[in-house]
Amino acid sequence: PGLSVFLQRMARNYEIVFFGEQEQGFINEVAEALDPNQQMIQARLGRESTMLKDRRYIKDFSYLGRPAKEVVYLDFTDDTVPYHKDNCIILSEFEGDN
C-alpha cells in the first residue's frame, strides 16, 4: 500500500533503479506495471546484471557506475548484497495485512 505515492515522491529527488535477481523480462513487467509512463524508474536491472557466486545471484553496486555511498537498496533481505550490506534498508514483507 502506498507504493505508487512513495515512488512518485522519491523520483522527484532520486534516481530510481529496479535491481532484481529475477530475469530481465520479469523486472520489466513489474516496472511497467508500477510506472507505465516511464517517468519514475530510470533503469531496470535483472539477473543478467548480477554475479553468480557460490550458486547464488548477488548484486554488486560498483557496476552501477555511482559512488556506493550514494546508493540505498530496499529489500526484504540483505542476502543478495553481501558487499554492500550497509546500503540496505530491510523492509517487512507485505502479506496482505492492513
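This is a predicted model: local features need pLDDT of at least 70, side-chain atom pairs count only at pLDDT 80 or more; totals for chains, interfaces and linings use all residues.

Biologist: How many salt bridges turn up in the whole structure?

Modeller: A search of the whole structure gives five. One of them joins the side chains of Lys59 and Glu21, at 2.9 Å from N to O.

Biologist: Where do Lys59 and Glu21 lie?

Modeller: Lys59 is in the loop between strand S4 (56-58) and strand S5 (73-75), while Glu21 is in the loop between strand S1 (16-19) and helix H2 (24-34), so the pair ties together parts that are 38 residues apart in sequence.

Biologist: And is Lys59 buried or exposed?

Modeller: Lys59 counts as buried because its relative accessibility is 1%, and buried means under 20%. Glu21 has 26%, so Glu21 counts as partly exposed.

Biologist: OK, what about Asp75 and Lys59, how do their side chains meet?

Modeller: In a salt bridge too, at 3.8 Å from N to O. That pair links distant parts of the chain, with Asp75 in strand S5 and Lys59 in the loop between S4 and S5, 16 residues apart. Both Asp75 and Lys59 are buried.

Biologist: Which residues are linked in a network of salt bridges, then?

Modeller: Glu21, Lys59 and Asp75.

Biologist: Switching topic: what do the side chains of Lys85 and Asp78 do?

Modeller: They meet in a salt bridge at 3.1 Å, N to O. Lys85 counts as partly exposed at 38% relative accessibility, and Asp78 counts as partly exposed at 22%.

Definitions and conventions. Residues are numbered from 1 along each chain as its sequence is written. Side-chain values use heavy atoms; hydrogens and water are left out. A salt bridge is a side-chain nitrogen of Lys or Arg within 4 Å of a carboxyl oxygen of Asp or Glu. Helices (H or I, at least four residues) and strands (E, at least two) are DSSP runs, numbered from the N terminus. Buried means under 20% relative accessible area, exposed over 50%, partly exposed in between (1.4 Å probe, protein chains only).
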